[in-house]
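Please read these notes with the structure open beside you.

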Amino acid sequence: SAPLPRQRGRARAASGQVPGPDDSGELRGEGVRRDHRGINRKGAVMSYKTLLVHLDDSERCATRVDLALELAGRWNAHLIGLYVVCQDLFEPLRRPDEPLKLAVYERLCDQRRKEAEERFLVAAERAGRSVEWKK
């Protein structure tokens with residue numbers, strides 16, 4: 001068959017193309033077309049040993065965690081939760097009418113991180129999955 005065209009980002013993911021081994025066992029940059037179950041055209045099933053999920057303070061974080069736990073269960077994979085948020089350290093400086101409370105801001109950020117960690121670990125325990133927390 002003809003080689004698959006190169007695609008990047010969401011277009012590549014949406015097309016079902018993911019990097020995978022070709023017939024010779026070598027990794028092809030173009031990827032292998034797979035169906036929604038992760039099975040390629042030749043019947044081989046893809047699997048992952050470790051998954052990484054982005055954790056933050058957003059409302060959508062719970063949905064990402066649920067999906068990641070489902071995939072980890074499907075592939076018997078280890079799940080790593082990585083907490084990353086953009087912290088604007090200059091925000092207190094842009095409010096001249098409010099006193100500089102950087103220590104309060106840092107404590108609030110630390111509290112949010114701990115709450116995200118707790119939610120992640122509780123969800124993982126409910127799902128019975130092996131997980132790891134990174135910040």
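1. Confidence. This is a predicted model. The mean pLDDT of the chain is 74, and 60% of its residues reach 70 or more. Strand β4 (residues 78-83) has the highest confidence, at 95, while strand β1 (residues 17-21) has the lowest, at a mean of 43.

2. Where pLDDT is low, the predicted coordinates should not be read in detail.

3. Helix α2. This helix covers residues 61-75, which makes 15 residues. From first C-alpha to last, α2 reaches 21 Å, close to the 21 Å expected at 1.5 Å a residue. Asn76 follows α2 and has a positive phi, near 50°.

4. The buried side of α2. Its buried residues are Cys61, Val65, Ala68, Leu69, Ala72 and Trp75. They lie on the same side of α2 because they cover an arc of only 140° around the axis. An α-helix has 3.6 residues a turn, so residues three or four places apart point the same way. The buried residues of α2 pack against β3 (50-55), β4, α3 and β5.

5. A charge over a ring. Arg74 lies over the face of Trp75, at 6.0 Å from the ring centre.

6. Aromatic rings. The structure holds two aromatic pairs. In one of them, the ring centres of Phe120 and Trp133 are 6.2 Å apart and the planes are at 40°, so this pair is tilted. Phe120 belongs to helix α3 (residues 102-127) and Trp133 to strand β5 (residues 131-134), 13 residues apart. Both Phe120 and Trp133 are buried. Ring pairs link Phe120 and Trp133 with Tyr83 into a cluster.

Key
Residues are numbered from 1 along each chain as its sequence is written. This is a predicted model: local features need pLDDT of at least 70, side-chain atom pairs count only at pLDDT 80 or more; totals for chains, interfaces and linings use all residues. Side-chain values use heavy atoms; hydrogens and water are left out. Rings of Phe, Tyr and Trp (its six-membered ring) pair if their centres lie within 6.5 Å; planes under 30 degrees apart count as stacked, over 60 as edge-to-face and the rest as tilted. Helices (H or I, at least four residues) and strands (E, at least two) are DSSP runs, numbered from the N terminus. Buried means under 20% relative accessible area, exposed over 50%, partly exposed in between (1.4 Å probe, protein chains only). A charge sits over a ring if NZ of Lys or CZ of Arg is within 6 Å of the ring centre and within 35 degrees of the ring normal. pLDDT is the predictor's confidence in each residue, from 0 to 100. The expected span of a helix is 1.5 Å times one less than its number of residues. The arc is that of the directions from the helix axis to the C-beta atoms. Contact means heavy atoms within 4.5 Å.
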